[in-house]
Amino acid sequence: MKIRFNDNKEVVARIREGLKKKDGYCPCRLQRVDENICMCEEFRKQIADPDFEGYCHCMLYYKEK
């Protein structure tokens, strides 16, 4: 298993800028709750699933099998 940034550097730059503006909370989420702090709870659960391969909700990270 490997976690990496999206290959699209423009996407990564935009999401990282959004993270800065929202103090580390996912820029794709409206609520500022602990579950939405990057790396969000949803993606951490997906990482734990051995069958999951794909992007996190905001497309910043990609999990490879």
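The protein carries 14 positive and 12 negative side chains. The centres of these two sets lie 4 Å apart. The model is predicted, and every value here is computed from it.

Start with the fold. Two helices and three strands make up the secondary structure. Along the sequence they run in the pattern β-α-α-β-β. The radius of gyration is 12 Å, close to the 11 Å that the globule rule gives for 65 residues, so the protein is as compact as a globular protein of that length. Taken along the principal axes, the C-alpha atoms fill a box of roughly 30 × 25 × 15 Å.

Next, packing and surface. Of the 65 residues, 34% count as buried. Take the contacts between residues at least 6 apart in sequence: 34% of them join residues at least 24 apart. The accessible surface comes to about 4,600 Å². Carbon and sulfur atoms account for 49% of that area.

Now turn to the loop between α1 and α2. Helix α1 spans residues 9-21, and α2 spans 41-48.

D23 lies in the loop between α1 and α2. Its phi is positive, about 55 degrees, although D23 is not a glycine. Is D23 buried or exposed? D23 has a relative accessible area of 61%. The cut-off for exposed is over 50%, so D23 counts as exposed.

N36 sits in the loop between α1 and α2 too. Its relative accessibility is 10%. Buried means under 20%, so N36 counts as buried. What does the side chain of N36 reach? It reaches the backbone oxygen of Q31, at 3.0 Å. Leaving aside residues up to four places away in sequence, N36 touches G24, Y25, C26, R29 and Q31.

A cis peptide bond runs from C38 to M39, with omega near 5 degrees. M39 belongs to the loop between α1 and α2.

Finally, move to the loop between β2 and β3. Strand β2 covers 54-55, and β3 covers 61-64. M59 lies between them, in that loop. Phi of M59 is near 75 degrees, a positive value in a residue other than glycine. How exposed is M59, and what is its relative accessible area? The area is 36%, so M59 is partly exposed.

Notes:
Residues are numbered from 1 along each chain as its sequence is written. This is a predicted model: local features need pLDDT of at least 70, side-chain atom pairs count only at pLDDT 80 or more; totals for chains, interfaces and linings use all residues. Side-chain values use heavy atoms; hydrogens and water are left out. Helices (H or I, at least four residues) and strands (E, at least two) are DSSP runs, numbered from the N terminus. Buried means under 20% relative accessible area, exposed over 50%, partly exposed in between (1.4 Å probe, protein chains only). A polar contact is a pair of N or O atoms within 3.5 Å; within protein, one must be able to donate a hydrogen and the other to accept it, and residues adjacent in sequence count only if both atoms are side-chain atoms. Contact means heavy atoms within 4.5 Å. The radius of gyration is taken over C-alpha atoms; the globule rule is 2.2 Å times the number of residues to the power 0.38. Accessible areas come from the Shrake-Rupley method with a 1.4 Å probe; for residues, only the protein chains shown count as cover. Lys and Arg count as positive and Asp and Glu as negative; His and the chain ends are not counted. The place of a charge is taken as NZ of Lys, CZ of Arg, CG of Asp or CD of Glu.
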